[in-house]
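Here is a quick walk through one protein model, feature by feature. Keep the structure open while you read.

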Amino acid sequence: DGIFTADPKKDRNAKLIPLVTKDNFEEVKKSLSGSSVVDVTGGMMKIVSELMAIAEAGIESQIVNALTDGNVKRALMGEKFGTIIKK
């Protein structure tokens, strides 16, 4: 659904982080960790770090849950939800 302050499956107090920028990235990194299972992507820390590098070039990205029906279409149609990553 996006980036959370903690694993929402394990912590019901986990909150969605709607926006990640260079101003709050250091704080957001505390919520991220490497993958706890075999993950060819390197986990969320690596993914978000790469997206932050892309943001520095002025390209905004968005993290959404692609398993939820309609979310990919909504994102492709320009709707802003989940976590937005920008400069």
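## Charged pairs

Let's start with a salt bridge: the side chains of glutamate 26 and lysine 29 come together at 3.3 Å, N to O. Keep in mind throughout that this is a predicted model. Both partners, glutamate 26 and lysine 29, belong to helix H1 and sit three residues apart, about one turn of the helix. How exposed are they? Glutamate 26 has 54% relative accessibility, so it counts as exposed. Lysine 29 comes in at 28% and therefore counts as partly exposed.

That pair is one piece of a set, as the structure holds four salt bridges. Another one joins the side chains of glutamate 27 and lysine 30, at 3.2 Å from N to O. Here glutamate 27 and lysine 30 are both exposed.

## A bridge between loops

Then there's glutamate 60 with lysine 80, whose side chains form a salt bridge at 2.9 Å, N to O. This pair ties together distant parts of the chain: glutamate 60 is in the loop between H2 and S4, lysine 80 is in the loop between helix H3 (71-76) and S5, and 20 residues separate them. Glutamate 60 has a relative accessibility of 35%, so it counts as partly exposed. Lysine 80 has a relative accessible area of 54%, which means it is exposed.

What does the charged end of arginine 74 sit over? It's the ring of phenylalanine 81, with 3.8 Å to the ring centre. As for aromatic pairs, the structure holds zero.

## The overall layout

Stepping back, the protein has three helices and five strands. Going along the sequence, they come in the pattern β-β-β-α-α-β-α-β.

The protein has 87 residues, and 26% of them count as buried. Take the contacts with a separation of 6 or more: residues 24 or more positions apart account for 50% of them.

## Helix H2 and what covers it

Helix H2 spans residues 43-56, which makes 14 residues. From first C-alpha to last, H2 reaches 21 Å, close to the 20 Å expected at 1.5 Å a residue. Just past the end of H2, glycine 58 adopts a positive phi of about 90 degrees.

Which residues of H2 are buried? They are Gly43, Val48, Leu51, Met52 and Ala55. The cover over these buried residues includes pieces from several places in the chain: strand S1 (3-4), strand S3 (19-20), helix H1 (25-29), strand S4 (61-63) and strand S5 (83-85).

## The open sheet

Three of the strands make an open sheet, ordered S3-S5-S4, with mixed pairing. S3 and S4 are at the edges with a single partner strand each, so one side of each has no neighbour in the sheet.

S4 and S5 run antiparallel and are joined by three bridges. To find your place in that pairing, look for serine 61, which stands opposite isoleucine 85 in S5.

## Two residues around S3

Leucine 19 is located in strand S3. Its relative accessibility is 35%, so leucine 19 counts as partly exposed. Setting aside residues up to four places away in sequence, leucine 19 touches Asn24, Thr83, Ile84 and Lys86.

Next comes threonine 21, in the loop between S3 and H1. Is threonine 21 buried or exposed? Threonine 21 is buried, because its relative accessible area is 11% and the cut-off for buried is under 20%. Leaving out neighbours within four places in sequence, threonine 21 is in contact with Met52, Lys86 and Lys87.

Definitions and conventions:
Residues are numbered from 1 along each chain as its sequence is written. This is a predicted model: local features need pLDDT of at least 70, side-chain atom pairs count only at pLDDT 80 or more; totals for chains, interfaces and linings use all residues. Side-chain values use heavy atoms; hydrogens and water are left out. Helices (H or I, at least four residues) and strands (E, at least two) are DSSP runs, numbered from the N terminus. The expected span of a helix is 1.5 Å times one less than its number of residues. Buried means under 20% relative accessible area, exposed over 50%, partly exposed in between (1.4 Å probe, protein chains only). Contact means heavy atoms within 4.5 Å. Two strands pair if DSSP finds at least two bridges between them. Rings of Phe, Tyr and Trp (its six-membered ring) pair if their centres lie within 6.5 Å; planes under 30 degrees apart count as stacked, over 60 as edge-to-face and the rest as tilted. A charge sits over a ring if NZ of Lys or CZ of Arg is within 6 Å of the ring centre and within 35 degrees of the ring normal.
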